[in-house]
Every structure is written in C-alpha cells, then in structure tokens.
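Subject: Structure for you to look at

Hello,

Here is the structure we talked about. My notes follow below it.

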Amino acid sequence: MPFDLVIAAQIFGDPAPVLGARRCSVSLCGLEAGLVTMAGGIPIGAPRGIDALDNVETIVVPGLADVEAPVASAALEALRKADARGARIVSICTGACILAAAGLLHGRRAATHWAHADRLAARYPSVLVDPRVLYVDDGRILTSAGMAAGIDLCLHIVRTDWGMDVANVIARAMVVAPHREGGQAQFITRAIPADDTRGLADTRAWALTHLTEALTIPMLATHANISVRHFVRRFRDETGAAPLRWLQAQRVRFAQQLPHATDLSISRLAEQSGLGSAATLRTHFQRVVGTTPLAYRRTFRAGWTERSTPRALERGRASCHTTRNVPFGDDTTRR
C-alpha cells in the first residue's frame, strides 16, 4: 500500500533535523533492488534489496493490498533475523499480517485494520488482536490499525525517541493531529443487514425510528410477531449482539451524528439519542466508540489545535492508544 509506505518516509525521512533531533537515514528496500509495483499499479523504486534489513535500527513494514497473498520466505526470514538481533519492527495497517506470518506476534498484543482483525485473529490464534485501538506498542514490536493510524504510530515513535516537541513540529508541518483521542472503533460502520430473509430486519429498522422511546425486548418481539425467547435467539444469530446492547449501540451511533451539526450539551444530546442521562451517554459512547462524546465532537467537527492535546497523554511509552478516562470540559470521567 503506497500510502503506508509514504507515511514512514514523510515522518522519518525529512532531510532537515527538527529542534536539534538526530537526523534519520531512511532507505527503501524490496526483495531485490528495482521497481516495486504497489497497489493501484503505482511503481516505486527500491534502491536496496532485502539485505538492507541486516543492520538497521527500525524496520517499517507497510500493509498488504491482498492479505491472502503469500509473503516471500526471504522477507519473513529477514524479519526474523532482524528481530533476533534486537531491531525495532513496525507494521502499518495490514502489515501486521506479515509480522504474524514471520512469527513475530506470537503471544503479543497487536493492531491491524478493523476490517481484517477477525481474519488475523482466526489465522493466528496466538496473536492477541485488539480491533479497537489505533496502535499497540509492545516494546520492540509496534503495530498500527488502518492506514492513517500509521501516522499516529510513527508520531508516537518520534515522541518516544525525540520527545513531544519534535513530534508536534512534524505533525504541524503535516497538518495532522499530534495525538488523536479514541480508537479505530470511531470509524467502524455497522450497517443493518440488507438481507431480511432471516426475519428481523424490519424490526431493527422500526427500532431505529423509535430510539428515543423506552423500547423493551417484549416490545420488539411483539413487533416481530414471535415469542421473546425466540426473538432473543434469532436476534443474536443475525446481529451477534443481545437486543438491548444492540439498541444502546444504535443510540450511540445516532448521537455520533448529532454533534456534527449542533451545539447540544451532553445532557441534551443524551435525551435526543434516547440514552437518557449524560452519564449513560458517556458510558455507552466510551464502550462503543472508544472515546468520549466531547472528544469525538472535537475531532470530527472542530478539528484540533496544539493546545487541545493534554500534555500528559504525550509523555512516556504507552502499551496501546485508545482514550481511557481523559477529561474534556464537562465530559469528565475518572482516571
């Protein structure tokens, strides 16, 4: 994936040192030196072959366009050797599939694009796949979620190696947030199944038009014209979730749309989305989206400023990145 590749080149490959930081030497390699055809037919020249991995400090592996495609044994062996000598190895997006194929994620926590998380977990049961976070830092092995989360991970590496100020300068030059709140659950779309042959699509559609009401399982079962016990079983079969948990998630999804166009208070937002109270909204919003309502509003509507990022979040080495109990305005939870 060319975007994944360019992320690392852009963040680590600036020829000018930033705020006195040590200059990086960035090199691109393929199995052999020469042109490599990326996704979309884009040719990129790799000046070095796979032996370039023998003596570098950090290796960044971009994602695969086809996660089912076999990975060259020479590449896997080179990664194993680099890991054995203590190199830091980073994957972006579905690059985690390559690290897993090399055996580098065995027993480790890892991130990848949410659309491929289940596949990665099923294929490599020993990998602890976390589909909600933007990235995972597990010491010398670091993995990011889909595409743009590679920016978050690379900036995290810069913060770790050279400090927050350097990361902020690079982020400012790229016009991106130096530190994003939340996890990739913010970007997952869970649509209602189009296939209504299993019987409950109409009831789910009806529930979406009555989210502000105090819906109960008996009410939903009545609408579906089946018994409560049968309704609950079929609902789980079709959606993978319990009816009331599904309802809460849909109310959160509805609440996600409201902040874009309004300046509703959190309490009012909770009322209009059917979640009742601000505390209930915060609880379910954090569970479903992985961040707080106000942090989500700020990210998707108001943009970001350097001042808006809590300094505490930019210090140290985190095991993963997802918002957990960070205060924003009146949207305060406990640490």
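A nonpolar core here is a set of buried Ala, Val, Leu, Ile, Met, Phe, Trp, Tyr and Cys residues joined through side-chain atoms within 4.5 Å. Buried means under 20% relative accessible area, exposed over 50%, and partly exposed in between (1.4 Å probe, protein chains only). The model is predicted: local features need pLDDT of at least 70, side-chain atom pairs count only at pLDDT 80 or more, and totals for chains, interfaces and linings use all residues. Residues are numbered from 1 along each chain as its sequence is written, and side-chain values use heavy atoms, with hydrogens and water left out.

The largest nonpolar core has 25 residues. Leu79, Ile89, Leu99, Leu105, Leu120 and Val127 touch the most other members. Two or more residues each come from strand 3 (58-61), helix 2 (73-84), helix 3 (95-101) and helix 4 (114-123). Helices (H or I, at least four residues) and strands (E, at least two) are DSSP runs, numbered from the N terminus. Helix 3 gives the largest share, five residues. Another core, of 23 residues, lies apart from it; Ile7, Leu142, Ala145 and Leu155 are among its members.

Now helix 6 (residues 164-174). Its buried residues are Met164, Val166, Ala167, Asn168, Ile170 and Ala171. Helix 1 (2-12) and helix 5 (149-162) are included in what covers them. Just after helix 6, valine 175 has a positive phi of about 60 degrees.

Valine 176 sits in the loop between helix 6 and helix 7 (201-208). Valine 176 is buried, at 18% relative accessible area.

Best wishes

Methods: Contact means heavy atoms within 4.5 Å.
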